[in-house]
Amino acid sequence: MMCCSLFVPLILFERIRGPLDRPIPLRACAACCNHARVVNGLIAVSILDSLSMTAVSSSQETYDTIVGQTKITFLLQAIRDASAAEEVKQMAAVLLRRLLSSSFEETYPGLTLEMQTAVKTELLSSIQQETSPNIRKKVCDIAAELTRNLIDDDGNNQWPEVLKFLFDSVNSDSVTLRESALHIFWNFPGIFGNQQQHYMEVIKRMLVQCMQDQANPQIRTLAARAAASFVLANEGNSALLKHFADLLPGLLQAVNDSCYQADDSVLKSLVEIADTAPKYLRPNLEATLQLCLKLCADTNLTNMQRQLSLEVVVTLSETAAAMLRKHTAIVAQSVPQMLAMMVDLEDDDEWAMADELEDDDFDSNAVAGESALDRIACGLGGKIILPMIKQHIMQMLQNPDWKYRHAGLMALSAIGEGCHQQMEAILQEIVSFVLLFCADPHPRVRYAACNAIGQMATDFAPTFQKKFHDKVIAALLQTMEDQSNPRVQAHAAAALINFTEDCPKSLLIPYLDSLVQHLHVIMVAKLQELIQKGTKLVLEQVVTSIASVADTAEEKFVPYYDLFMPSLKHIVENAVQKELRLLRGKTIECISLIGLAVGKEKFMPDASAVMQLLLKTQTDFNDLEDDDPQISYMISAWARMCKILGKEFQQYLPVVMGPLMKTASIKPEVALLDTQDMENISEEDGWEFVNLGDQQSFGIKTAGLEEKATACQMLVCYAKELKEGFVEYTEQVVKLMVPLLKFYFHDDILSDLSYKRRGGGSMPLLLECARVRGPDYLTQMWHFMCDALIKAIGTEPDSDVLSEIMHSFAKCIELMGDGCLNNEHFEELGGILKGKLDEHFKNQELRQTKRQDEDYDEQVEESLQDEDENDVYILTKVSDILHSVFSSYKEKVLPWFEQLLQLIVQLICPSRPWADRQWGLCIFDDVVEHCSPASFKYAEYFLRPMLQSLCDTSPEVRQAAAYGVGVMAQYGGESYRPFCTEAIPLLVRVIQAADSRSKETVNATENCISAVGKVMRFRPECVNVNEILPHWLSWLPLNEDKEEAVHTFDFLCDLIESNNPIVLGPDNANLPKIFLIIADGVANESVKSEDACSKRLANVIRQVQVSAGLWTQCVSTLNETQQKAVQELLNTA
């Protein structure tokens, strides 16, 4: 219900009001009194724990029905009500700030100008008159939020009075007013809008003055936080950061002082600067690092303060690694601090017998130190960190105190990823030393040794497995026999899982008997313990170890199948208690992996019983709690069963699909929170956050997202395996998957975006499934996908996901063909691809700029190379999309292509990096192949660069150019004849080069050979065929480029079938050589039975068979492998 007049001002004024001017009181008309009672009722109900949730819910519903403008009025009235309890006023302030934050456009602009003026005035008056520090601070937050929303698009602050209030308050004798002004500025440092430059000196003086207020530590602290907030808000303005550099010493002093006053707020601000604006710290970097190390070492401070101090150093190693590498002496001092934290462990007599593994205590010093070591090693690299830490670790491993040995081993685990290259060189020494500790007298040291082995097995795979398989397997199996320390046993089994996951099959086979025997003995013993004592930890890990061994051994696991399957089925049947959910889930996983490993034939006798067990669990699926670990295991197991059973699995889809779709449809909770809201939410509740700046954070509750990703992956698996058998579900899956393309979270929050990759990757598979329903159904489904795919290409920020979506889009176009894109699609797609190419060039320029930076070093170059590879990968996907468009639309699409032409021409400029030239030429190759003879109108742009590129120093560029010559000959038409002639000697020169068959150059050489063949085949008038043909025959077969190999064999068949005298030789003297070429091609799988030329090659061989003498002569030149290949060709073609 709207109010006739919410505010009746007593004074109308034109001048800017000062902070001590008399405020405008609020008066409400009678029509609004009921709303006031409702709002105040809600506030009261919300803070009184004794009231029922029904009352809270009822008040909330009533509150939600009140018009937004009315809410503003009465929330402000409640704040200003001197008779109200502080809790009521506090809740009113929180609600008003949230209202302005989330619903400003829906509420505030609807107020009359008079009412708006009154709101502003009341807020400033409340700040001046409120006696409660908590309430005053919350009103400052409201004022900051209102100001944030009153900065218009041109940067004008539409509340100039707040700026005067700010200046007057900062210069006031009142400490509370100075605090309030600083709090507002801290909350919204952009408060000056487009006048910021004008007031720059004033802002600086204000901050300096307050940071030097020796009489009031709270003012110094607030000023430091405000200065940090201002720096963060302007992190991209290097001139401003330089101008404010002399504030940093005062800020560092405030960090130090506030920590010893039990306040870590300024320290947290320093962490944010290290994360977002690290170069601001450059002038005082050494002082910053020294301060942080001093605080970290001070055991009188809280653990959190010490960890935050270390966090500054670690964060800088990630955000400004090159800058930090110039201060290695100080960085070296941080390493012992991290190791000292890792020693901060408590003796726990019950530790080794624990049957429930608690999550790591992330607040503990030990976990914080280990995490810091991991991150700083990744950030600064092994060249810096390994020499700093190696000696410390060796000393710790020789310490009689188990905590030091434990910390030393955990440190080795932590640095493996970051120090990979350097540790690999001394891996023999490290592994030999670590294995000794598998027999350490203390169980937690043995546990840490297993941890190090498991981590190295992952970090250094498969080198680790190849070099140390004998010693590592023996040590782990021995440690797994530690019956008196189940937790150590379990961790040894976990390390074995890591080892076998990345172990080459051939290495594992010799150990299968021993592995299986040990695992079976332990499984039987632990199964008995489960029945007698209810302990399950070791059994959970052993079951997964069995699964991992089977997964690697594959069909070699068949002899051991009957040893395990009965017990595994028994566990699934009987482990139905809630506390055994994880064991049951892992056992389901184990059964399905064993089934997949041994194959359908061996598994089928048990398949029916296993399926019934799974179906029973599936029937109970709706009764499972959302966090039941069985859910993800079940989903993956069904997909494996689908792979095992093939088409026979289709009958189970009605049971499987419901729960699978439910899991895939999980919608996570998300929230946009400001700093005040963040204080009330813990990351331990499953929320993860990323700071968006401007006092705001984006949060997502990550529970269920891993299951969502798994479910999406399984849907893709069903579509791939069952094809048309999945058609009944394609529509509902498409409706689920397409919206996932817009499902975006910041990669700092969620690194696993596989649900989106699966969403994008599923589209071509779903179209394949839908084909069986006919063209109309297929087209309808494509129309539903197409817009979303194009938009996702334009907006997706994650490069891995983007490349998958682009690849899928290209595949979809190839599948749908001509006519699948309308004019609007082409217009949008053209703009997006142009944007991707522009971005590609811009990123290259940025990298060149970074190479001029004063902090540039070889590690920075490595990082830039990684960025470059990432960009090039996206460029390949642009090429994929253009290929699909050209192959589907032919020359009709050339007018559309012209908007991209100059950008593609830019790619093939001689000054561009080789990858640009490679993919630019590939795009022009497609233009020639699919759009000729019309393609010749662009010849002036690409022909000369293409011919010159045949002799390029880069093999990849030569390959692209050679392919282009081949398609010119095959598809180009008459206009290309002179260029085919010109290309032949250049191609021959490449083929005959001394290193033409090296690993790096062979693909380019084979494309050159194929191109020569295509010119002879399709443009014989351009070349002296009789002269070139004997050479060409001597260059065969092609073994690396399978696609071009088929072209060459096709041409060879033409020549043989036409009895070409040069190819056959006098009296068929060349037939043994031809036999050898064919046999080599088949043996190397250059020709497969499904290739059209395979039948023609088989016929050539059969004709030779007719002549016994000739057959014997030809076969005698072949080795055993080649003879088998010839026989296989005859049997299959």
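Trainee: Where is Glu1085 found?
Mentor: Glu1085 is found in the loop between H51 and helix H52 (1092–1105); helices are DSSP runs of H or I with at least four residues, strands are E runs with at least two, and both are numbered from the N terminus. This is a predicted model, in which local features need pLDDT of at least 70, side-chain atom pairs count only at pLDDT 80 or more, and totals for chains, interfaces and linings use all residues. Residues are numbered from 1 along each chain as its sequence is written, and side-chain values use heavy atoms, with hydrogens and water left out.

Trainee: What's the phi of Glu1085?
Mentor: About 60°, a positive phi, although Glu1085 is not a glycine. Asn1068 is another non-glycine residue with a positive value, its phi being near 55°.

Trainee: OK, where's the place of Asn1068?
Mentor: In the loop between helix H50 (1061–1064) and helix H51 (1071–1083). Asn1068 counts as partly exposed, at 32% relative accessibility; buried means under 20% relative accessible area, exposed over 50%, and partly exposed is in between, using a 1.4 Å probe and protein chains only.

Trainee: On to the backbone. Which peptide bond is cis, with omega near 5°?
Mentor: The one from Ser932 to Pro933. Pro933 sits in the loop between helix H43 (914–931) and helix H44 (939–949). The bond from Leu1036 to Pro1037 is cis too, with omega near 0°, and Pro1037 is in the loop between helix H48 (1025–1035) and helix H49 (1042–1057).

Trainee: Zooming out, how many helices and strands are in the protein chain?
Mentor: The chain has 54 helices and 3 strands. Of its 1133 residues, 57% are buried.

Trainee: What share of contacts with a separation of 6 or more comes from residues 24 or more positions apart?
Mentor: 73% of them, for the protein chain. Contact here means heavy atoms within 4.5 Å.

Trainee: Let's do helix pairs. At what angle do H23 and H24 pack?
Mentor: About 150°, with the axes of H23 (residues 443–459) and H24 (residues 463–479) 11 Å apart. That makes H23 roughly antiparallel to H24. Axes are lines fitted to C-alpha atoms, for helices over the stretch in contact, and angles run from 0 to 180 degrees between N-to-C directions. Under 35 degrees counts as roughly parallel, over 145 as roughly antiparallel, 65 to 115 as roughly perpendicular, and the rest as oblique.

Trainee: Which residues make that contact between H23 and H24?
Mentor: From H23 you have Cys450, Ile453, Met456 and Ala457, and from H24 Phe464, Gln465, Val472, Leu476 and Thr479. By class, that's 7 nonpolar, 2 polar and no charged residues. Nonpolar covers Ala, Val, Leu, Ile, Met, Phe, Trp, Tyr, Cys and Pro, charged covers Asp, Glu, Lys and Arg, and the others, Gly among them, are polar.

Trainee: And how are H38 and H40 arranged, parallel or antiparallel?
Mentor: Roughly parallel. The axes of H38 (residues 775–795) and H40 (residues 823–851) come within 9 Å and cross at roughly 20°. Cys786, Asp787, Ile790, Lys791, Ile793 and Gly794 of H38 make the contact with His825, Glu828, Leu829, Ile832 and Lys836 of H40.

Trainee: How far apart are the axes of H40 and H42?
Mentor: 10 Å, at an angle of about 15°, with H42 spanning residues 894–907. That makes H40 roughly parallel to H42. The H40 side of the contact includes Phe826, Leu829 and Phe841, and the H42 side includes Trp896 and Leu907. That contact divides into 10 nonpolar, 5 polar and 2 charged residues.
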